[in-house]
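Reader: I would like to learn how to read the features of a model like this one. Where do we begin?

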Amino acid sequence: FLEMQTGDLNAEMLELIRADSELKALDALLQSVPGVGRVVAATLTSSLPELGCASSSRLSALVGVAPMNHDSGSHRGLRFIRGGRANVRAMLYMAVQTAVKWNPALKVVYERLVGSGKAKREQPERCVL
């Protein structure tokens, strides 16, 4: 039942995107990026209406990927991300995982960051029953 409702909602969402010329253009632009498919584009379009209007620093804060400092006095702590829109952040994570595999330009950037000491996100352990 839930899968049927999810399918119906996805179809309705795609119809709404196709009916609006601005959303349709944004959807096409997003899907032109390797790693961004129908689901990611629809999530960004529906859950991040500021896309295309706000600055990149504002968008990164809204999504929750802007590094927050952990400083106090002379202590300089690690930067970490938090808050923001979790559903958008999860979709972006999955898109980046795909894009790093298939987009040569992003793969170079990713390898440069990891090579300079940027920590990789560890894959969660799979639960085997």
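Author: With a definition: helices and strands are DSSP runs, numbered from the N terminus. This is a predicted model. Its secondary structure comes to 6 helices and 2 strands, and along the sequence the pattern reads α-α-α-α-β-β-α-α.

Reader: Which element gives the largest share of the lining of the largest pocket?

Author: Rolling a probe the size of a water molecule over the atoms shows where empty space is left. In this structure, α5 supplies the largest share of that lining, with 9 residues. The elements that give two or more residues to the lining are α4 (56-63), α5 (86-102) and α6 (104-115).

Reader: How many residues line the largest pocket, and which lie nearest its centre?

Author: The lining has 38 residues, and those nearest the centre are Val65, Ile81, Tyr93, Val96 and Lys118. By class, the lining divides into 27 nonpolar, 6 polar and 5 charged residues. The volume of the largest pocket is about 1600 Å³.

Reader: At what angle do the axes of helix α1 and helix α2 cross?

Author: Helix α1 (residues 2-19) and helix α2 (residues 21-31) have axes that cross at roughly 105° and come within 5 Å. Angles of 65 to 115 degrees count as roughly perpendicular, so α1 is roughly perpendicular to α2. On the α1 side the contact is made by Leu16, Ile17, Arg18 and Ala19, and on the α2 side by Ser21, Leu23, Lys24 and Asp27. The contact has 4 nonpolar, 1 polar and 3 charged residues.

Reader: What radius of gyration does the protein have?

Author: The protein has 18 Å, whereas a compact globule of 129 residues would have a value near 14 Å. Taken along the principal axes, the C-alpha atoms fill a box of roughly 55 × 45 × 30 Å.

Key: Residues numbered from 1 in each chain as written. Predicted model: local features only at pLDDT ≥ 70, side-chain atom pairs only at ≥ 80, totals over all residues. Heavy atoms only, no water. Axes fitted to C-alpha atoms, helices over the stretch in contact; angles between N-to-C directions. Helix = DSSP H or I, 4+ residues; strand = E, 2+ residues; numbered from the N terminus. Parallel < 35°, antiparallel > 145°, perpendicular 65-115°, else oblique. Contact = heavy atoms within 4.5 Å. Nonpolar A, V, L, I, M, F, W, Y, C, P; charged D, E, K, R; others polar. 1 Å grid on protein atoms, 1.4 Å probe; cavity = no way out; pocket = protein on both sides within 12 Å on 5 of 7 lines; lining within 4 Å. Points joined across faces, edges and corners; volume = space filled by probe spheres on them. Rg over C-alpha atoms; globule rule 2.2 N^0.38 Å.
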